[in-house]
Amino acid sequence: MHSEMVPNQERLKFLQNEPHEFPNARKAAVLLFCYPKEGKMHLSLIKRSIYEGTHSGQISLPGGKQDPRDQSIWETALRECNEELGVSLTHSKPLLELTPTYIPPSNFIVSPFVTKQSSYPNFKPDKREVQIHIELPLETLIKFEIEYNDINLSLNQFSMTKVPSYVFNNHIIWGATAMILFEFKNFLESHI
């Protein structure tokens, strides 16, 4: 499902494995949080703040690593969305669970969940973790076309230049986030 958005052939081999084939991978979750804005459904993306780490400054979905106190990986997604965007979704249910995705540079298995809210949220992004909160209309996501953009990344054995990506408001969305959005886009297209 994700193969068209894989940054390079080296990473494609990781998509051909099941998550249990990475027993030492850390667990993480992200949330495709959908809500109405100006009569159209949107979902939240964030531009991560600059920090000493693999995903510094990247466009991502709200989410992060599982905490030992989390009862489930779903609870991880809810907690992280609350920490990053200030939105409490404790009574929300997952509408859809997308394909878990292995991220080699940070050794995470990321579980993506889709949920929604019927009213516009009162966002309070955490300035320490979120540089920019990006609100992506679902109708725009459906129209996304794959582009190839230069991404300068040299980490471990991975070095990339032209990578498959989406562009929204001059933000380049690539890697695991683009793969997850690609799968959700396909789901939306098949249910219109």
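These legends describe close-up views of a predicted model.

**View 1. Strands S1 and S2 form a hairpin.** Strand S1 covers residues 26–37, and strand S2 covers residues 40–48. The two strands run antiparallel. Four bridges join them. Look for Lys37, which stands opposite Lys40 in S2.

**View 2. The turn of the S1–S2 hairpin holds Glu38.** Two residues lie between the strands. Glu38, in the turn, has a positive phi of about 50°. Lys37 and Lys40 face each other as an opposite pair.

**View 3. Strand S2 pairs with strand S8.** Strand S8 spans residues 130–137. Seven bridges join S2 to S8. The two strands run antiparallel.

View 4. Ile46 has Ser60 in S3 as its bridge partner.

**View 5. Cys34 is a buried residue.** Is Cys34 buried or exposed? Its relative accessibility is 5%. Buried means under 20%, so Cys34 counts as buried.

**View 6. Cys81 is buried as well.** Cys81 has a relative accessibility of 0%. That value is under 20%, so Cys81 counts as buried. How many disulfides does the whole structure hold? A search finds zero.

Terms used. Residues are numbered from 1 along each chain as its sequence is written. This is a predicted model: local features need pLDDT of at least 70, side-chain atom pairs count only at pLDDT 80 or more; totals for chains, interfaces and linings use all residues. Side-chain values use heavy atoms; hydrogens and water are left out. A disulfide is a pair of cysteine sulfur atoms within 2.5 Å. Buried means under 20% relative accessible area, exposed over 50%, partly exposed in between (1.4 Å probe, protein chains only). Two strands pair if DSSP finds at least two bridges between them.
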